[in-house]
Amino acid sequence: MTRRVFVTGMGVVSSVGLGRQAFWTALVEGRSGARPVTSFDTTELGRDRACEVTDFRARDHLTTAEARRVGRCSAFAIAATRMAVTDAGLDTSQLDPARTSVILGTTMGEVDVISELESAWLHGGEQAVDRAKLARYGTTLLPIHVARAVGARGLVQTLPAACAAGNYAIGFASDQIRAGRADVVITGASEILDKVQFAGFVRLGAIAPERIQPFDKQRKGLLIGEGAGILVLESEEHARKRGATLLAEVGGYGLACDAHHITRPHPTGKGNITAMRAAIASSGLTPDQVDFVNAHGTATAANDQVESLVMHEVFGARRVPISSIKSMIGHCMGAASALEAVACVETTLTGLYPPTIHYEEPDPECDVAVVANKVQSGKHDVVLNNSLAFGGYDAVMTFARPGVLPPPPGADE
Amino acid sequence: MKPLAITGLGVVSPFGVGRAEFARALENAEESSARAFSAAHTVLTDARFANARLAEVRDFDATVFLGDKGLRNLDRATKMLVVAAKLALEDAGLKKDGAFTSLPSERIGICAATAYGSLDSITEINRVAELEHPRYLNPSRFPNTVINAAAGYVSIWEGLEGPNVTVVDGNCGGADVVLTAETHLACGRADALLVGGFEVLNEPLYLAFEKLGIVSQGNEMSSPGVVASRGTHLGEGAALVAVESLRRARERGAHVLAELVGYGTAFEPPVSAAQLVHASDEAVERAVRAALLDASLASSEIDLVVCAESGVNLMDLAEEEGLARVFGSDVATVAAKGLWGETFGAAAALGMAASLVWLAGAKPAPLLRGELRRPVRTVLVTTMGYYGNVSVVIVKRAS
C-alpha cells in the first residue's frame, strides 16, 4: 500500500457549465445555476427552483448506440468521462483493460428510467411496461456504460452512498490503485434531478424558496442540483510513464457513521470529526497543514451548524477558510462531493477559493471563516473535501499539490 | 489478499433465520428447498401473481428479534438486514446481551450489497406520487428510497460507528463486498466489518424479471445448469458474515468459522454496441483465475464451486464454459440458487453462508456436476451479472 495516486484529468456536467474550464470559471465568478425547474411540473409542490442542467445534449457526447441504451444519469457520466479522458490526454486504446476500473457514486442512478417504468405500470398496467426499457434500469449500469465507453475491464462498481457518494467512490478508487489492483480508475459520481426526489425533499422541509445560502443566519435550506464530476486517477508510475500532467495528489480519506438518525447529522458532529481526523492523519498530515475546506454546506439549519462545530473541534482556534459551492450549483446529491472534488483540485492548482454566494448575515452558530461572495486566494498545498449523507454517513478526503504530501504510510498491518 | 477471519454469521433466509437453523435446513437441502417453494407465498399480494413460484422468507417477524418499538419506518429489506446484522454480531461475539464486547463501536462497520434493495420503498413512494400527488409523500418513508438507507439503519440500530458501505453491483455485489471489507480492514479504517448482502421480493421486481424472460413461467422447467430450463425462480434473504483480521480474531479469542482468502473480478462487454444484456465465459474464466492468484491457490486445490447458475440458459452456459476452462469438467459444483432461488445482490452472501456450513463438514447439497474427492476445505463462490461482469470469492476452512 505505498503507491501514490494522482488526478490526471477531470470532466464536468453541471448547471453552471459543461467541462472543467466552464465549471471553474463560473465558480470563481460566483455564478448561480438556480432557476425555475423545466423538466417537470412543480405546481402545488410549493417550491419551484433547482440547479438544473439545461444545455446538455446527449448526442453531442454519446454515440447513437449509447444514447439508445442509457438513461440521463449515465449520459452525464459518459459525457463527463469523455471530457476527463481528453483532459488527461489519455489514449484509451493504450490502457491495459484489466488494470482499468470504473468506480462511481450516485444516490438514485437511472431514476428517470424507474420513474417512467413505474408510471407506465401504475397507470396502464403491466402491458404498458416497455420490456426494452426494463433492461435499462439498474443502478449498476452507470459504471457498466462508462466501462464500455473507455474499454475498462477491471472492477466495475457503484457506490450509492447518498450525498457522500462522490467521496466514497473517489476514495475507494484511490485504495484500489494504492493496493496495486488497478493502474487507472475512472471515478466520480453522477446524479439527475427527479420529480419524486424533489417532492421528497420538499416534504422534508429542506428546500429553500429561492436561493441557497450556506452558513448564513437566514439560510432556508437547499436547492437540488444535478450533474456529474468525473476524475481520472492514475498510479504515479502509470502517469509518469506516459508523461501525464499531475493535477493533484489524492491524499487519504476517512469514513465514519453517526449511527444516530437516517437524515440528520449527529448534533455533536462526532462521526464527521472522526472522518475528518482520519482523512488528515491518513494523508500523513496534521490539521495545521490544511489550507482550505470545501464544505458540505447544504444550507440546512442542522448541517451548517454541525459542520461549523466540526471545524472548531478539528482545527481549534485556527480559522481555516471554508466555502460551499452548493451556493452556486445546488446540492447535486450523489454527485455533490465529486463535483466538489473537481473544485478542490482546481483550488490546489490555482490557489483560488471559490466563494459562498448569497452570504449576507453571519450566523453565530456557524462561526467559521466563510469565503463570502467573492473569490479569495491563499495557500493551496492541501485542500479538504467534506461530505455527509443520509444514513449518517461521513466521508472526508484530501487533495494536495504534487510534491506536498509525505510518502504514503504503509497502511498494512 | 491477506486471509481474513470469518467469525460469525447472521442469516435471514428461506432456509431459516440464524446460523443454527440455516445449517439444519441445509442438512436436508432438497427437502428444505421443496418446502421453501411449495407453500403459497404472501409477499406478492395481487391475484395476478398467485401462481408465482417464490422462495420467500416465510413468517418473517422482525419484532421477535428487535422488539416492537421503532420499526414503523423500516421497510422489509431493512428489517431483514438489521436482523441479520444483530445475529452476526452476537454469533461473532462482537456483542453480548446487546453490548459491545472487545471492540468499540467506532471500529465496527458494515459493507452490504444489494441490487434492488430500495425498490419496495421507491414503489411505495411512486405509488403516492403517481396515483395521488407528490405533495402527499410521507417524509419519514422517503429516506428509504435511498438504497443505502438499509445499511444506515443497521448502524443506527446496532450502534455501529465504523465505515458503512453499500455496494450495488447487480448480481456481483455479494462477492464485491469482500473486496470492500478487505480494503477497509487493510487500510485500518475498521477492525471488524459485517459483510454480505440483502434482497427482497416484491411485485415490480417479479414483474420486471418475468417480462425480461428471466423468471420461468407456470409449470415451465427451472433448473440450474440444465439446457431445458426456461428460467429461474426468485428468492430473497439477507446474510452477513463478521469479518476481521486473523490476528484480531485470535487476540479476542473469537471462534474462526472460516477464512476469506481470495477475490477476483472481470468485465467483458458484448461485442455489439447495441446489446446490453450479456453473459461472458471469458469474464468467468478471468475472474476465477484472478481469485485463485489472489489466494495463491491452484485450481486443483478448490474442492467445491458454489456457482451462480440459476436456470437461465444464456447465463448458465457461459458460466459452465468459463468454469470448465479453469477446472475441467469434474470439479464438484453446487448450484445454491437451485435451493432458494435467485437473490441478486444477496446471492454470494447466501453462498458464503452455505459454504461455512459445508466447510464445517455438512454434506454439500446435491451436486450439479463433478464429484467430491475429499472433505471440503476450499470453496469458490461465483457471481455473474447480466451485463458481462463476474466476481468470485474463495472461502477456506480455518487453519
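This is a predicted model: local features need pLDDT of at least 70, side-chain atom pairs count only at pLDDT 80 or more; totals for chains, interfaces and linings use all residues.
Local features need pLDDT of at least 70 and side-chain atom pairs count only at pLDDT 80 or more, while totals for chains, interfaces and linings use all residues. Residues are numbered from 1 along each chain as its sequence is written, chains are lettered from A in the order in which they are written, and side-chain values use heavy atoms, with hydrogens and water left out.

**Exercise 1.** Describe the interface of chain B and chain A by area, residues and polar pairs.

Solution. 
- Step 1, area: the two chains bury about 6,400 Å² between them, 62% of it on carbon and sulfur atoms. Buried area is the accessible area (1.4 Å probe) that two parts lose on being put together, summed over both.
- Step 2, residues: chain B brings 79 residues to the contact and chain A brings 72, where contact means heavy atoms within 4.5 Å.
- Step 3, charged pairs: there are seven salt bridges between chain B and chain A. A salt bridge is a side-chain nitrogen of Lys or Arg within 4 Å of a carboxyl oxygen of Asp or Glu. A:Asp175 forms a salt bridge with B:Arg189, with 2.9 Å between the closest N and O atoms.
- Step 4, elements: on the side of chain B that touches chain A, H5(B) gives the most, with nine residues. Helices (H or I, at least four residues) are DSSP runs, numbered from the N terminus.

**Exercise 2.** Find the nearest side chain of opposite charge to A:Glu118.

Solution. 
- Step 1, place: A:Glu118 lies in helix H4 of chain A, residues 111-124.
- Step 2, charge: A:Glu118 is buried and has no salt bridge; buried means under 20% relative accessible area (1.4 Å probe, protein chains only). B:Arg127 is the nearest side chain of opposite charge, 7.1 Å away. Here Lys and Arg count as positive and Asp and Glu as negative; His and the chain ends are not counted.
- Step 3, surroundings: leaving aside neighbours within four places in sequence, A:Glu118 contacts B:Leu119, B:Ile122, B:Thr123, B:Asn126 and B:Pro204.

**Exercise 3.** Is B:Val284 buried or exposed, and which residues is B:Val284 in contact with?

Solution. 
- Step 1: B:Val284 belongs to helix H10 of chain B.
- Step 2: the relative accessible area of B:Val284 is 1%, so B:Val284 is buried.
- Step 3: beyond four places in sequence, the contacts of B:Val284 are B:Ala318, B:Glu319, B:Gly322, B:Leu323, B:Met384 and B:Val390.
- Step 4: the C-alpha atoms of B:Val284 and B:Gly264 are 9.7 Å apart, with the two residues 20 residues apart along the chain.

Conventions: Helices (H or I, at least four residues) and strands (E, at least two) are DSSP runs, numbered from the N terminus. Buried means under 20% relative accessible area, exposed over 50%, partly exposed in between (1.4 Å probe, protein chains only). A polar contact is a pair of N or O atoms within 3.5 Å; within protein, one must be able to donate a hydrogen and the other to accept it, and residues adjacent in sequence count only if both atoms are side-chain atoms.
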